[in-house]
Amino acid sequence: MMQHYINIKSEHPSSLLFYRLGDFYELFFTDAITISQVLNLTLTKRGTYEDKPIPMAGIPHHCADQYIARLLKEGFSIAICEQITDAKDGPVERAVTRIVTPGTLSDDSYLDADQASLLGSLFWHETSSKACGAIAIVELSSGRFTVFESDNFDLLIDECDRSGVKELLVHENLSEDKFAKLKSHAWLLQKRPHWEFHKETQRRALLDHFSTHSLEGFGLTDSSDSIVAAGVVLHYLKITQKKALSHIHSLRLENLEHCLLMDSATREHLELTDSQSKDKKHTLLHLFSPSYTPMGLRLISRWMLKPSNVLKHIRQRQNALLALLNSNKSDDLASILSSIGDVERIVSRLAMYTAKPADLLSLAHALSVIPDICSMLPHDDGLLSIIAKQLLLLTEVKEHIQKTLVDPAPSHMRDGGYINIASDTLLQEYWDLKYDSDHLLKTLEEKEREATGLNLSIHSNRVHGLYITISRSLADKVPAHYKRKQTLKNEERFSIPELLELEVKINNAQEAMFDREKILYQDLLRHLQTYLLQLKKNARLLALLDALLTMSKLGSRHGYNLPSFEDNPGIKIEEGKHPILEMHLEHIVPNDITLNPSLRMMVLTGPNMGGKSTFMRQTAVLTLLAYMGSFVPAAKMNIGPIDRIMTRIGAKDEINKGRSTFMMEMIETAYILNHATPTSLVLLDEIGRGTSTRDGLSIAQATLRGLLERNRSMTIFATHYFELTKMTAHEGVFNAHVGVHDDQDTITFLHKILNGSTDQSYGLHVAKLAGVPNVILELANAYALSNQMPDTEKTTVIPQILPQKDRLGEKITTLLHNRNPDEMSPIEAHSLLTKIILLYNEQS
Ligand code: ADP
Ligand code: MG
């Protein structure tokens, strides 16, 4: 067995090998050590190899899923080696039946409902005169398969990042610098051999997979780089899944131009699908959660990460949202959609023959409500009526499933009982043998009585099984084919071939039922394959309907409004609010903004904690929501063409990638300066902080001028450098600040964006609010005064500062001064001691 294990392991060196032994998956050698560490399992030993004990760790097979899910999250891939023959048929044979990797999940137990598991591949080639390439991205759980081509490496990587690729396949000889770039992302990188990147081989493989004569229908020419990328992905799926991939039946060449672009830093800063706090509740996507089906939320997530900038599509969605808002059917529609489940993923499992009976019943249910759904949708020429027209009833599919399966399905297939007995005569027969054998025996008994004319009866016991009993006085009258089994005092027991046969059948009935159910279930899955395309189409339409309804309900629940789209560049928001802040704060101050080519650079000043970053994020988020086709949290919003949203907000070290905060800031600033256009929305939050004031200010000033005059982008520039407020001399620049109510010593942040600049940062006030000790604040005040004066006139006295312990000693000395213990009452002594302890606690 160990030799077999070693052979198989050598074929899957980069995966953890789960080797099935009875009720366990066992792991050996370094695999065992790895999982014992990652999953905190006991490490044991089994036998020896080259005179050393073999480390072993095991996982019970019935709860393997939860361990696999955890390993996948850690970025491991897992080869599952199953017993493929039964122990009772001789020596057990084993083979790898599946390789589970982070990018190839389709099983619900491993998948997050709102996040897809995506596999990507990158093909990149460079010559001295030309560099270009393609990526292919496939989602196994839905069958969605897209390719992108570009001569810009960063753009391709960004697209992988945006889509949420979990595992990326690259050429084994990809250059060092490119490989280094790919390493700093959250995906598992897999190097693939050179031969897989052969264009002609992959072209043929694709033609074969799609059963087409040409790839032109997918938008690819014979020389497209996409062919290689797509072929590599498909080949990897075939070797890992070892299953039909018939739900991947088409390929789309997507254009990176028809969408509002956002780089990965911007998506992170805006906290679209992940938040810095790691709490999903703080993400923009959470605003739409829960949708009525998981597929609806996934679609919204795709719209959010890659909003279309095709006005026709946006207006179509807007009209659908309005129609749903004004419809009196939308609550009913919502409750129907809530009941249909994840049709998209069920259909994919069906294609891979991994769908369970409960999946199919759920599918049948979804089909059964389609007539109701259609009757609730309007019949105009909008998106909703297109959905109604295109949804397919597929009554025969529904009926076939309902006829074949037991509803509700038992929780495990291993216990049987999921196929409707009445749907198959053979199954009915086994069922009768198992559960109605008394009746069969009675019939046989009567038949024999009639044939022999004897008063015989059929009985059974555990030792002898079934037999025919006759009283001894009649025993010599039985026919010749009666075989004597046993003689007792008063009776004689016989067996006949018919009874023996029945006994074997009854004993085997349970297993025969199991086997028959399995066959019938496979038949059902096979039969349903013919409907895959139609079922996928239905899933897509239902997801679309859900996304629209969820967006419409969000708008009506919170009193949002629809933005209006204009031809001229610009953004104008009245009484806008940050939707996430609104969810978590009771009182939120609405704010306005106008940006357009002649007022394109807002220099935003004001105290820390005043609300600058929130205001900037809010402007970006509302723009994004508008381009998704959604309602927005604003009294009024007008928006023109926008090609990109680019942000540099907040400080984030990436020490693990060897980049300091300032380095990160400059990388992002450089990216913005190299890519922003006059229709880009650019948000820069306090750039130039992580270096000396002089360097920082110079960089900030130069960046502002660059964006203003070179890129000419619509920009909000939040800063503490008051020098920047003097830039209004340049055409296009205007000042704004966040309002503060300053009442002597206490300040209140109004969170209101007002015209003009401020020359106060209130840094010391914020420091006080944060609990900086008074002694330090006093010192800071003195320094502030001193720094404002020219060196020649410096008169401010900078106070002395004592080590903390001495200040405590000083205070205690004051307390103890002139005290005499003999003159103190116990209460006085207690209160003095309490004061001293309090002082001590404050200091430590
Ligand atoms: P700044 O960037 O100016 O330091 P932030 O934008 O980070 O300030 O805001 C600080 C805090 O102020 C936020 O966490 C939020 O609690 C509150 N805040 C910001 N804007 C508003 C607003 N419009 N209405 C109410 N509270 C706000
Ligand atoms: Mg800020």
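## Contacts around ligand 1

A polar contact is taken here as a pair of N or O atoms within 3.5 Å. In this predicted model, a backbone N or O atom of Val 589 meets that limit, lying 2.8 Å from a nitrogen atom of ligand 1. A polar side-chain atom of Thr 614 lies 2.5 Å from an oxygen atom of the ligand, and an N or O atom in the side chain of His 751 is 3.4 Å from a nitrogen atom of ligand 1. Taken on its own, ligand 1 has 560 Å² of accessible area, of which the protein covers 80%.

The shell around ligand 1 holds 14 residues, and those that come nearest are Val 589, Met 609, Lys 612, Ser 613 and Thr 614. Sorted by class, this shell has six nonpolar, seven polar and one charged residues. Helix α22, which spans residues 612-628, gives the most to the shell, with three residues.

## An open sheet of four strands

Four strands form an open sheet in the order β18-β22-β19-β20, and their pairing is mixed. Because β18 (564-565) and β20 (591-595) each have a single partner strand, they stand at the edges, and one side of each is left without a neighbour in the sheet.

Strand β19, residues 571-576, runs antiparallel to β20, and four bridges join the two. Within this pairing, Gly 576 has Asn 591 of β20 as its bridge partner.

Strand β25 (residues 714-718) is largely enclosed by the rest of the structure, because five of its five residues are buried. Burial extends to both faces of β25, with Met 714, Ile 716 and Ala 718 on one side and Thr 715 and Phe 717 on the other.

Two parallel pairings involve this strand. Strand β21, residues 601-605, pairs with β25 over four bridges in the parallel sense, and in that pairing the bridge partner of Met 601 is Thr 715. Strand β24, residues 680-685, also runs parallel to β25, to which five bridges join it; here Leu 684 has Phe 717 as its bridge partner.

## Cysteines without a disulfide

The count of disulfides comes to zero, by a rule that asks for a pair of cysteine sulfur atoms within 2.5 Å. Cys 63 is in no disulfide, the nearest cysteine sulfur being that of Cys 81, 19 Å away. Seen from the other residue, the cysteine sulfur closest to that of Cys 81 is in Cys 63, and because 19 Å lies between them, they are too far apart for a bond.

Cys 63 is buried, with a relative accessible area of 17%, and Cys 81 likewise counts as buried, at 0% relative accessibility.

Ser 335 has its place in helix α11, which covers residues 330-338, and is partly exposed, with a relative accessible area of 49%. Although Ser 335 and Tyr 292 are 43 residues apart in sequence, their C-alpha atoms are 7.9 Å apart in space.

Gln 529 is found in helix α19, residues 497-529, and is buried, with a relative accessible area of 16%. The side chain of Gln 529 reaches the backbone oxygen of Leu 350 at a distance of 2.9 Å.

## Backbone features in loops

The bond from Ser 289 to Pro 290 is cis, with omega near 0°, and Pro 290 lies in the loop between α8 (264-269) and α9 (294-305). Asp 407 and Pro 408 are also joined by a cis peptide bond, with omega about 0°; Pro 408 is placed in the loop between α16 (395-404) and α17 (425-435).

Positive phi values are found at Asn 40 and Leu 394, neither of which is a glycine. For Asn 40 the value is about 60°, and this residue lies in the loop between α2 (29-38) and β3 (44-49), where Asn 40 is exposed, with a relative accessible area of 69%. For Leu 394 the value is about 45°, and Leu 394 is placed in the loop between α15 (383-390) and α16; at 7% relative accessibility, however, Leu 394 counts as buried.

Notes: Residues are numbered from 1 along each chain as its sequence is written. Chains are lettered from A and ligands numbered from 1 in the order in which they are written. This is a predicted model: local features need pLDDT of at least 70, side-chain atom pairs count only at pLDDT 80 or more; totals for chains, interfaces and linings use all residues. Side-chain values use heavy atoms; hydrogens and water are left out. A residue is near a molecule or strand if one of its heavy atoms lies within 4 Å of it. A polar contact is a pair of N or O atoms within 3.5 Å; within protein, one must be able to donate a hydrogen and the other to accept it, and residues adjacent in sequence count only if both atoms are side-chain atoms. Accessible areas come from the Shrake-Rupley method with a 1.4 Å probe; for residues, only the protein chains shown count as cover. Ala, Val, Leu, Ile, Met, Phe, Trp, Tyr, Cys and Pro count as nonpolar, Asp, Glu, Lys and Arg as charged, and the others, Gly among them, as polar. Buried means under 20% relative accessible area, exposed over 50%, partly exposed in between (1.4 Å probe, protein chains only). Two strands pair if DSSP finds at least two bridges between them.
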